[in-house]
Amino acid sequence: TTEAVVAFLEGGILKTEPRIKDDSMPQTNCEAKDEMNLAEFPLCALSHRLKPEVKTLRFEDRTWDKGRNDWITRQLTITGSDAHGLPTEKDDEVLLGLIQLTRLRGFADRKVLFTRHELIRMLGWRDDSKSYARVEASLNRWTGVTLYYNNAWWNKERQCWLKESFHILDNVWLCHRGEHAPDVGLSSTGVPMSAFVWNEVLFRSFTHGNLKSIDFDFYKSLQSAVAKRLYRFLDKRFWHCTRREFDLRELCCEHIGLARSYDTANLKRKLLRGIHELEERGFIRSS
């Protein structure tokens, strides 16, 4: 059996009822992993393209900090490079794919050898030139993106919220047909390999176990960007409890990434699309 949540909208609040056992729910592959901080706030816009002049995203909320015994404001600011811009929903998929590549290698090293073909197969994309170009664009984008966590990065080892500023990836090397193999700084294996290097802050979070299981196949099968983001967030928030209650606007704008310019009616309309897809797939059930 697997666990599901019951969700419904009431006024400006999204409520989640206690999770229930149900054999009709889809079986979960718990081998894949998601990093807990990356599941808490969005890292990208919920669109395929962004206006070129948009270079910054910002998300924040307030939460009770047991260590300080007080409420704190958590804020994440994301800036993109002039050349490659901000990440979009497809880049989020690539990032989760990179985590899975690292998991398959036992989270043993910040530097991960791979092939784009391997990553494309893992993501379930078509094996064509467009997918290869999309992966390259995404890796360039993640190398150029800077994350500024203000009291919003959970350090599992120290059990507290910290300020951290970093890139997701420090280095990327990609093999291209007809060109010399990149110098990834390792002894030649005889087979041309691509490679990337995680930023130390993020990789340290991996090795300290700030990870959760995620059904990566289920995530990839979702059609709506809202459903994908909602799935990651709710799956993380129900890690240790069976009931949650969220302010609708905070959930939609600060944790899903919907535009703050939307009124309550539009927020509900956008969110309900994701909720209905998750209901249809058996992850949540309406009351």
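What follows is a short exchange about a predicted model and the terms used to describe it.

Trainee: What counts in this model, and how are residues numbered?
Mentor: Residues are numbered from 1 along each chain as its sequence is written, and side-chain values use heavy atoms, with hydrogens and water left out. Because the model is predicted, local features need pLDDT of at least 70 and side-chain atom pairs pLDDT 80 or more, while totals for chains, interfaces and linings use all residues.

Trainee: How do you know that the length of α2 agrees with a helix?
Mentor: Helices are DSSP runs of H or I with at least four residues, strands are runs of E with at least two, and both are numbered from the N terminus. The expected span is 1.5 Å times one less than the number of residues. Helix α2 (residues 89-104) has 16 residues, so it should span 22 Å. Its end C-alpha atoms are 23 Å apart, which agrees.

Trainee: Why is α2 called largely enclosed?
Mentor: Buried means under 20% relative accessible area, exposed over 50%, and partly exposed in between, with a 1.4 Å probe and protein chains only. In α2, 13 of the 16 residues are buried, so the rest of the structure largely encloses it. Just after α2, G106 has a positive phi of about 75 degrees.

Trainee: Why is I168 called buried?
Mentor: Its relative accessibility is 0%, so I168 counts as buried. I168 sits in the loop between β8 and β9 (169-173). Its C-alpha atom is 7.7 Å from that of L147, 21 residues apart along the chain.

Trainee: What makes β4 and β5 a pair?
Mentor: Two strands pair if DSSP finds at least two bridges between them. β4 and β5 (residues 70-79) have 10 bridges, in the antiparallel sense, so they pair. L57 stands opposite I78 in β5, and D65 opposite D70. Their hairpin has four residues between the strands, and N69 takes a positive phi near 55 degrees there.

Trainee: What is the order of the open sheet of four strands, and which are its edge strands?
Mentor: The order is β4-β5-β7-β8, with antiparallel pairing. β4 (56-65) and β8 (160-167) are the edge strands, because each pairs on one side only.

Trainee: What makes β9 and β10 a pair?
Mentor: They share four bridges against the required two, so β9 and β10 (residues 194-198) pair, in the antiparallel sense. N171 stands opposite V197 in β10. They belong to an open sheet of three strands, in the order β6-β10-β9. Its edge strands are β6 (111-114) and β9.

Trainee: What makes a space a pocket?
Mentor: On a 1 Å grid over the protein atoms alone, a pocket is an open set of points with protein on both sides within 12 Å along at least five of seven lines. Lining residues have an atom within 4 Å of a point. The largest pocket has 32 of them, and T63, R74, W161, K236 and R244 lie nearest its centre. β4 gives the largest share of the lining, five residues.

Trainee: How many lining residues of the largest pocket are charged?
Mentor: Asp, Glu, Lys and Arg count as charged; Ala, Val, Leu, Ile, Met, Phe, Trp, Tyr, Cys and Pro as nonpolar; the others, Gly among them, as polar. The lining divides into 13 charged, 11 nonpolar and eight polar residues.

Definitions and conventions:
1 Å grid on protein atoms, 1.4 Å probe; cavity = no way out; pocket = protein on both sides within 12 Å on 5 of 7 lines; lining within 4 Å.
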